[in-house]
Amino acid sequence: MSMHQCILRFGFRLFICSLIAGCILNACPSTSAEDAVDRLQVPRLQAVQQARAEFAAQRKTIARTDGYQQYRANLHVHSHFSHDSRGQLPDILAAAKRAGTSILMFTEHPAPHYDFFRDGHRGLQDGVLLIPGAEQSGFLVYPTFSLQGITTGSPQELADLVRGRNGQIFVSHLEERMDWKIAGVSGTEIYNTHADFKEEKALVAALKNPFRLFQLSVAIQKYPQECFGAIQNYPADYLRRFDQLCQTAPHTGVSANDAHQNVGFGIRWIADNRGTLEDALGEKLLDIDLSVIPDSEQLRQGRKPGDLIFSLYLDHYEHSLRHVATHLLLKELNEDSVRECLDAGRCFVAFDWLADSQGFQFNLQSNSSTTQPGGRTQLDSDCRLKGRSPLPCRWKIIRNGEPFAESTGPELDLQIQQPGVYRCETWLTVAGSDMTWILTNPIYVDSREK
Ligand SMILES: [Zn+2]
């Protein structure tokens, strides 16, 4: 037996024993305890789960009085069309429904063998609106026509092409293109789950090691949403850039789930006692002897050789879609309304895994009108930023990229007397830590006409 197999057998025994006995392997201290790895310690996960339950019990239902309905949208979602995902639509739809999502905006990696626009997921299915798109040349692209066979040239040319026919295009993975100045884009990502994950160096290293994954497996099974949420950090760099861009022209900020369901592993039964350990894309990592697993008979019950008898994902679609969403204020649920809303910026980003943001409102009320996020208005003698939240929270108002005002409670009421670009953040205290809950799009306030 090679050293590798020996370690695998040991790791596997540990893993399966822990599954069956329900013991918490996180009692094994992590040597590289830092960042998200710290947040994966079981006492911390328990406390976060408790906090989520308390928020759910405390939250109040708020009726919208602005004439809109709030629809939850997940942008930047990959499925089996993308080379790095095996996601099938029925599974993604089921996950979306469990997460409370009404709109799935796919962003497949384009490839010559399919046309993401013509072949992609589209239409209302089981109450969820599907819109096809692509992750292409540094953008999330939602065109209104097929781009197949079109040579797009520079990023600006691609943006002009898509926007020229009323499509939407968002700068994606800002961390790789902070210096981009593309005129006329719909907006930018203001949070990207994958970028957040990449920041977690110790966690990324840990997850490349199947034995560390084994160790985490009990925690992942017991606290799947909290484990996923352990990556969440305030997206300071993204927001700094977003604020700069909004100073030059209105940009719509959206969240990017970058959902792939491709971090994890599975065990496939080959024949007799032979099996393989696979990564989440079905690539074989190792042959394994199923007889070393104490209860492998149970795992094989009702299955046949060739079947996956066990799988575990850190980024299951359900958990990645629930983590964060862009909430759109619409009058009706259809593709045209979604496109109009994204153009208008009438939306906000919420980390709904912490607490459901349904009913949240932030707008500007003046003597004559109410302006929603993304909108533009003129200063008058009584301009007030107003907010209502289903939970008491900390409100932070950012003006022209700088902290402007703070308050706490279920409501916000702040008079403003200066023009500027105003956006709102809300924060919650979660198991002793301050965490970002909601990031709105800005309201653009011009100076009074002379
Ligand atoms: Zn992606």
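Residues are numbered from 1 along each chain as its sequence is written, and side-chain values use heavy atoms, with hydrogens and water left out. Because the model is predicted, local features need pLDDT of at least 70 and side-chain atom pairs count only at pLDDT 80 or more, whereas totals for chains, interfaces and linings use all residues.

The zinc ion is coordinated by H76 through NE2, H78 through NE2, E135 through OE and D258 through OD, at 2.1 to 2.2 Å. Donors are N, O and S atoms within 2.8 Å of the metal (3.2 Å for Na, K and Ca); water is not among the atoms, so sites may look incomplete. Along the chain, the spacing of the zinc donors is H-x1-H-x56-E-x122-D. H76 belongs to strand β1 (residues 69-77) and E135 to strand β5 (residues 134-136), so this pair ties together parts that are 59 residues apart in sequence. Helices (H or I, at least four residues) and strands (E, at least two) are DSSP runs, numbered from the N terminus. The angles among the four donor atoms run from 82 to 172 degrees, and the site is irregular. Four donors count as tetrahedral if all angles lie between 85 and 135 degrees; four count as square planar and six as octahedral if opposite donors are over 155 degrees apart and all others between 65 and 115; anything else is irregular. H76 and E135 are both buried, where buried means under 20% relative accessible area, exposed over 50%, and partly exposed in between (1.4 Å probe, protein chains only).

A disulfide is a covalent bond between the sulfur atoms of two cysteines. With a disulfide taken as a pair of cysteine sulfur atoms within 2.5 Å, a search of the whole structure finds zero. For C347, the nearest cysteine sulfur is that of C341, 5.2 Å away, and C347 is in no disulfide. C347 is buried, at a relative accessible area of 1%. The sulfur of C383 lies 16 Å from the closest cysteine sulfur, in C424, which is too far for a bond. C383 is also buried, with a relative accessible area of 0%.

S146 sits in the loop between β6 (139-142) and α6 (155-164). The residue is buried, its relative accessible area being 12%. Its side chain makes a polar contact with the side chain of D115 at 2.6 Å, and the side chain of S146 also reaches the backbone nitrogen of Q148 at 3.1 Å. A polar contact is a pair of N or O atoms within 3.5 Å; within protein, one must be able to donate a hydrogen and the other to accept it, and residues adjacent in sequence count only if both atoms are side-chain atoms. When neighbours within four places in sequence are left aside, S146 is in contact (heavy atoms within 4.5 Å) with D115, F117 and R118.

Side chains of opposite charge can pair when their charged atoms come close. The structure holds 26 salt bridges, each a side-chain nitrogen of Lys or Arg within 4 Å of a carboxyl oxygen of Asp or Glu. One of them joins R268 and E278, with the closest N and O atoms 2.5 Å apart. R268 is in strand β10 (residues 264-271) and E278 in strand β11 (residues 274-279), ten residues apart. R268 is partly exposed, at 25% relative accessible area, whereas E278 is buried, at 7%.

R384 and D413 form another salt bridge, at 2.8 Å from N to O. R384 lies in strand β19 (residues 383-399) and D413 in strand β20 (residues 402-416), so the pair ties together parts 29 residues apart in sequence. R384 counts as partly exposed at 26% relative accessibility, as does D413 at 44%. Both residues belong to a network of salt bridges that links D382, R384, K386 and D413. The side chains of D434 and R394 also meet in a salt bridge, at 3.0 Å from N to O. D434 is in strand β22 (residues 433-440) and R394 in strand β19, so parts 40 residues apart in sequence are tied together.

Helix α14 covers residues 335-344, and its buried residues include E335, S337, V338, R339, C341 and L342. At the start of α14, a side-chain oxygen of N334 comes to within 3.3 Å of the backbone nitrogen of D336. G345 follows α14 and has a positive phi, near 75 degrees.
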